[in-house]
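Dear colleague,

I am handing over the structure below, and after it I set out what was found. Please read the notes with the structure open beside them.

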Amino acid sequence: MALNACANDRSDIVVGDAICLSQVPPRRTPLPVATPAQRAGLLAAGFSAQAVHIADVIGAAAPLLASGDTTGRNGTSAFNSHAGTHMAIIAERAALEIQAMTASLECQLARIIRLQDELNNRNATINNRLTAAGIAIGAGAAVVTGGLSFFTNATIPTVAGMVAGGAGGALSVAQLGVDATGELRLRQNILEELWRAPERPTHFGMRVWRYLNARINPGDQTPREMIIASWRADGLIPDQDATSEPPAIILEHAAMSTDDLEKLQLLIEPLQARIGLMSRDLGRLLEEFLERSEAAAPSRQSAPTRRRPAA
């Protein structure tokens, strides 16, 4: 009976991610790509290579370059407020995409941890039942063996002890494979999309997606490729050539153990870290943009003061 109860408790836990679902607004036109001339112009204007890269990633190279294209009094550089506003709006949109992606990953991690906690609680309950059953078998065997020892036939208590030992052994074997499993129902499988790398993603904002698939220098790995390489280096996925089909840990979530869920968390962590680095790079771009606009401030022409008509 104890074994049957434990078996029934092992695989009926389900946790989903419906609470995490967030529709990524589609973009009807592709993000603009910086031309070599625009990149060279931004570098010549004093922007760092990292700032130029992230400006290209979010589609802001043209307005960033145009923000300082006008000339103020005495031939000094002036600030183009219209282009600067456009640049600021693009940067804000990129920041919102980063925040949305971070929230989606944190929510999915919370659901994974919730299932993990449920399984740990279930495992504790199953082990308690098996322990109690083992104690009961041992106590019963002692009573039966002691009572039967009064009979002259020594075979009877010996057989009773063997039966009790067999039952105890069955419980010990059951404890070896007692870990409960649960189902993680993902309607938004972020890791699968990261692996398959579609041209138009549904779970990533376009600017975040371009960042994950952009190379800083020709021949460099993209952040996405670095993430997958780190999974292999850490032994989280099989060490084999890249295939179009994701590993089982990414696709199959119907019967997950606590160890499987721990591995799934470790798969998500480097993606979180890379998106955090995008936020850092965006902050660097905005800081350099702000410094440039402040440097151009003294050359801006103030609007003339209107005189009131004489009474």
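In this predicted model, helix H9 (residues 223–233) packs against helix H11 at an angle of about 150°, and their axes lie 10 Å apart; helices here are DSSP runs of H or I with at least four residues, numbered from the N terminus, and axes are lines fitted to C-alpha atoms over the stretch in contact, with angles running from 0 to 180 degrees between N-to-C directions. H9 and H11 are therefore roughly antiparallel to each other, a term for angles over 145 degrees. At this packing, Pro223, Met226, Ile227, Ser230 and Trp231 of H9 meet Leu267, Pro270, Leu271 and Arg274 of H11, where contact means heavy atoms within 4.5 Å.

H11 spans residues 258–296 and also holds Gln265, which is buried, with a relative accessible area of 12% (buried means under 20%, with a 1.4 Å probe and protein chains only). Apart from its neighbours within four places in sequence, Gln265 is in contact with Leu109, Ile112, Ile113 and Gln116.

Turning to the strands, which are DSSP runs of E with at least two residues, S1 (residues 13–16) pairs with S2 in the parallel sense over four bridges, pairing being defined by at least two DSSP bridges. Val15 stands opposite Leu184 in S2.

As for the record, residues are numbered from 1 along each chain as its sequence is written, and side-chain values use heavy atoms, leaving out hydrogens and water. Local features need pLDDT of at least 70 and side-chain atom pairs count only at pLDDT 80 or more, whereas totals for chains, interfaces and linings use all residues.

Best wishes

Conventions: Buried means under 20% relative accessible area, exposed over 50%, partly exposed in between (1.4 Å probe, protein chains only). Angles under 35 degrees count as roughly parallel, over 145 as roughly antiparallel, 65 to 115 as roughly perpendicular and the rest as oblique.
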